[in-house]
Amino acid sequence: MSDLDLLTQSLARSVKHWRAVRGFTLDVLAARAGVSRGMLIQIEQARTNPSLGTVVKIGDALGVSITTLLEHEQGPNVRIVPAEQAVRLWHTDAGSYNRLLAGTEAPGPLEMWDWRLMPGESSASDPHPAGTTELLHVTAGELTLTVDGVEHRVPAGATVHFEASVSHTYGNTGEVPMEMVMAVSVPPVP
């Protein structure tokens, strides 16, 4: 397969993917991009090689870069993040920490975190953008989660999710370290 064929196939996959992610019909994307519906159908079926200007218009309408639209991977995008590449963004002298394990766009930012809180320690968080959701699974100890001033106890083995657009604090009021895995989903910028 030639480079041009690879790019045409990649563009077809990417436009279909991002149109679905954004929830756009062919007509909506055509109107937003200023490209005909027929052209979009040909692009999504990999039957045409559009001009760079057309690709730019489609990328702008979908809110993604040209690079993203033209990535010519042969299959699903799989990214393995080695343990040593996890980024520690917060820690205390007592041994509490959080690590950003991985992140992606789906359709807005989606992050996965590894947390450890030592007894008596806590970490406060400012409100996130409206529509942000956090999903936490406690693997050891007990989490004291305070959301908008209300305290919730989450024991090991339990999972909690909440709208994170209000002040919230992760705390450990127990006698043993608390460990949890957390996913944060932030809505895309309109």
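Reader: How many helices and strands are there in the protein?
Author: Five helices and ten strands. Keep in mind that this is a predicted model.

Reader: And what share of the 190 residues is buried?
Author: Buried residues make up 33% of them.

Reader: OK, helices. At what angle do α2 and α4 pack?
Author: About 110°, with the axes 8 Å apart. Here α2 is residues 26-33 and α4 is residues 52-62. An angle from 65 to 115 degrees counts as roughly perpendicular, so α2 and α4 are roughly perpendicular to each other.

Reader: Which residues make the contact?
Author: From α2, Leu-29, Arg-32 and Ala-33. From α4, Lys-57, Ile-58, Ala-61 and Leu-62. By class, that contact has five nonpolar residues, two charged and no polar ones.

Reader: Is the crossing of α2 and α4 left-handed or right-handed?
Author: α2 passes α4 in a right-handed crossing.

Reader: Now α3. How does α2 pack with that helix?
Author: Helix α3 covers residues 37-44. The angle between α2 and α3 is about 110°, and their axes are 9 Å apart. That makes α2 roughly perpendicular to α3. The crossing of α2 and α3 is right-handed.

Reader: Switching to cores. How many residues has the largest nonpolar core?
Author: It has 18 residues. Those with the most contacts inside this core are Trp-115, Leu-136, Leu-143, Leu-145, Tyr-170, Met-180 and Met-182.

Reader: Which strands supply at least two residues of this core?
Author: β3 (109-117), β5 (133-140), β6 (142-147), β8 (159-163) and β10 (178-185) each do. β10 gives the most, with four residues.

Reader: What about a second core?
Author: There is a second, separate core of 17 residues. Among them are Leu-26, Val-35, Val-55 and Leu-62. Leu-26 also takes part in the α2 and α3 contact, and Leu-62 in the contact of α2 with α4.

Reader: Backbone next. Which loop holds Ala-46?
Author: The loop between α3 and α4. Ala-46 has a positive phi of about 55°, although it is not a glycine.

Reader: And what is the phi of Asp-148?
Author: Positive, about 55°, and Asp-148 is not a glycine either. Its place is in the loop between β6 and β7 (150-155).

Reader: Is Asp-148 buried or exposed?
Author: Exposed, because its relative accessible area is 55% and the cut-off for exposed is over 50%.

Reader: Last one. Where is Asp-126?
Author: Asp-126 is in the loop between β4 (122-125) and β5. At 62% relative accessibility, Asp-126 counts as exposed.

Reader: How far is Asp-126 from Val-166 in space?
Author: 7.1 Å, C-alpha to C-alpha. In sequence, Asp-126 and Val-166 are 40 residues apart.

Methods: Residues are numbered from 1 along each chain as its sequence is written. This is a predicted model: local features need pLDDT of at least 70, side-chain atom pairs count only at pLDDT 80 or more; totals for chains, interfaces and linings use all residues. Side-chain values use heavy atoms; hydrogens and water are left out. Axes are lines fitted to C-alpha atoms, for helices over the stretch in contact, and angles run from 0 to 180 degrees between N-to-C directions. Angles under 35 degrees count as roughly parallel, over 145 as roughly antiparallel, 65 to 115 as roughly perpendicular and the rest as oblique. A crossing is left-handed if the near helix is turned anticlockwise from the far one by less than a right angle, and right-handed if clockwise. Contact means heavy atoms within 4.5 Å. Ala, Val, Leu, Ile, Met, Phe, Trp, Tyr, Cys and Pro count as nonpolar, Asp, Glu, Lys and Arg as charged, and the others, Gly among them, as polar. A nonpolar core is a set of buried Ala, Val, Leu, Ile, Met, Phe, Trp, Tyr and Cys residues joined through side-chain atoms within 4.5 Å. Buried means under 20% relative accessible area, exposed over 50%, partly exposed in between (1.4 Å probe, protein chains only).
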